[in-house]
Amino acid sequence: ASALGASLLLTVGFQCVLLTAGLWWLRLTTRQRQIAADVTAQQVKDDLVRTQQAVMFGLAHLSESRDAMTGQHLQRMKLFTRELTAALSQTVKFQSLITPEYLPLIEVGAMLHDIGKVGVADRILQKPGSLTHAERREMERHPLISSDCLTQVEKRLGSSNFLQMAHEIALYHHERWDGKGYPYGLHGAAIPLSARIVAIADVYDALSSPRVYKPAFPHEQCVEMIRNGAGTQFDPDLVEVFLTIESRIEAISQSLSSVDVVADSLIGRPTQSQAAAGNCEANQGADRPTIDETLDSVTQNLDRLDELLGSLGIESHATCATATDLVSAS
């Protein structure tokens, strides 16, 4: 009896050891599989973010490709907007509105502010003289075209914070503080903060850069014109903060303008000032991808985005088949 009891005890003990080892192995295997699944999911999500950004930057460069004079305009817009937004976040009035997530969203939105220019005729975009009333009315449609285009993108990608902000910037960055802007004549704080910020960045860059219809103005003159626009064209509180960082804005402008000059000299492309003197039409598109090439790139990224969404178990909200549809829909 004692021997039988000891044998049973040993058997039960051995089974307990086997059961414990099995449970430990199962837990370890499950944890390893979960870690592997989490890594894969994170890689897919990272890829998704990169693809979303590629789509947005592709659309932004699509608008830039229509204008040979813009140079590093998109990059300057991003950095000007970042500097002004960061400075506003340190003020009592705006620090509660500008969260840590706000800055990267507005940077992307700033780069998409003029996507609607893909729907404006070259004879208007590239006209060296003053626009007629009809031409100006056509030019003033580009925020509405931007809205239509980004609505189509949002249907394809689904709603997201960065698309919503890009949408409001593109639609409202030509509104004025005094209500005399376009397309809706919004007044004061009715204009979204993001659009009011980008409006200052956009005007500074337009003034400080050569365009087909004007030379580049000196930094001091640009700052003075923005100062004079406080309370009429611009939010006066934003202008007040802009004036505290205008030296940093100038440094960014000069740095990226130098990049343009060096790049032009390396590839033998006429400088922006030469283009402004009358060679713009001849040099339009130099060292730039064609619109068709840009559209193809955007389309490929949209298709890639659909694949990534599918791998995450998310249905695409696609209603437009290609990036060309985004433009034709506008």
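Glu175, Arg176, Trp177, Ile191, Arg196, Ala199, Gln233, Phe234 and Asp235 line the largest cavity. A cavity is a set of points on a 1 Å grid over the protein atoms alone where a 1.4 Å probe fits but cannot get out, and lining residues have an atom within 4 Å of a point. This is a predicted model: local features need pLDDT of at least 70, side-chain atom pairs count only at pLDDT 80 or more, and totals for chains, interfaces and linings use all residues. Residues are numbered from 1 along each chain as its sequence is written, and side-chain values use heavy atoms, without hydrogens or water.

The structure holds one cavity of 30 Å³ or more. About 50 Å³ of space lies in the largest cavity. Its lining divides into four nonpolar, one polar and four charged residues.

Now the core. The largest nonpolar core has 33 residues, and Leu84, Leu88, Ile197, Ile200, Ile226 and Phe242 touch the most other members. Such a core joins buried Ala, Val, Leu, Ile, Met, Phe, Trp, Tyr and Cys residues through side-chain atoms within 4.5 Å. H8 gives the largest share of this core, eight residues.

Of the 16 residues of H8, 15 are buried (under 20% relative accessible area, with exposed over 50%, 1.4 Å probe, protein chains only). H8 is therefore largely enclosed by the rest of the structure.

H9 (residues 219-228) is next. His219, Cys222, Val223 and Ile226 are buried there. They cover an arc of only 95° around the axis, which puts them on the same side of H9. The face turned away from this buried side carries exposed Glu220 and Asn228.

Terms used:
Helices (H or I, at least four residues) and strands (E, at least two) are DSSP runs, numbered from the N terminus. The arc is that of the directions from the helix axis to the C-beta atoms. On a 1 Å grid over the protein atoms alone, a cavity is a set of points where a 1.4 Å probe fits but cannot get out, and a pocket is an open set with protein on both sides within 12 Å along at least five of seven lines; lining residues have an atom within 4 Å of a point. Grid points are joined across faces, edges and corners, and a volume is the space filled by probe spheres set on the points. Ala, Val, Leu, Ile, Met, Phe, Trp, Tyr, Cys and Pro count as nonpolar, Asp, Glu, Lys and Arg as charged, and the others, Gly among them, as polar.
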